[in-house]
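Hi everyone, thanks for coming.

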Amino acid sequence: MLVKADIDGAVVVADESRSVSLTGVAATTSNHHAPAAATAALTFAATAGKRWVLNGVEWSYDADPTGGSLKVENGAGTTVFQVAITKGGPGYIKFEPPIVGTTNTAQVVTLASGAGAVVGKVNARPFLAKG
């Protein structure tokens, strides 16, 4: 049976047969990336005995992007979520249930370059859970 809980504003879904312990991640500049005309990527480093839980991602482009997309990887190269973004402005995806990574593995959130002078920004809402 799945159990849904709100922990410090983060919705977490877990199988009640497993113990899930979450640790919040302090809001820092590592949760946000906004380069001009380049890929915006956030890498949440692997942590021994823990897994990343991603509750949501916010992004924006300051104009309509060419080739815009958002991708979440469980470790480098294993895509677990990807969506095309064709319009400028802000967007948000709340993952219900959240994307739960593999123990001892990094999680990477990438907003593709909008091309030309288009600026893209990405923010993520990750938590650490015991593996």
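A quick word on the numbers before that. This is a predicted model, so local features need pLDDT of at least 70 and side-chain atom pairs count only at pLDDT 80 or more, while totals for chains, interfaces and linings use all residues. Residues are numbered from 1 along each chain as its sequence is written, and side-chain values use heavy atoms, with hydrogens and water left out.

Okay, the layout. The protein has eleven strands and zero helices; strands here are DSSP runs of at least two residues, helices are H or I runs of at least four, and both are numbered from the N terminus. Of its 131 residues, 40% count as buried, where buried means under 20% relative accessible area, exposed means over 50%, and partly exposed is in between, with a 1.4 Å probe and protein chains only. Now take contacts, meaning heavy atoms within 4.5 Å: among those between residues at least 6 apart in sequence, 75% join residues at least 24 apart.

Next, the sheet. Four strands make an open sheet in the order E5-E10-E7-E8, with antiparallel pairing; two strands pair if DSSP finds at least two bridges between them. Which strands stand at the edges? Those are E5 and E8 (79-84), each with a single partner strand, so one side of each has no neighbour in the sheet.

Let's zoom in on E7 and E8. They pair over five antiparallel bridges, and they form a hairpin with four residues between them. In the turn, Gly75 has a positive phi of about 80°. Across the pair, Leu70 stands opposite Val83 in E8, and Val72 faces Phe81 in E8.

Leu70 also takes us to the core. A nonpolar core is a set of buried Ala, Val, Leu, Ile, Met, Phe, Trp, Tyr and Cys residues joined through side-chain atoms within 4.5 Å. The largest one has 21 residues, and among those touching the most other members are Leu70, Phe95 and Leu111. Strands giving two or more residues to this core include E7 (69-74), E9 (89-100) and E10 (107-111). The largest share, five residues, comes from E6.

Finally, look at Leu111. Leaving aside residues up to four places away in sequence, Leu111 touches Trp59, Leu70, Ile85 and Val122, among others.
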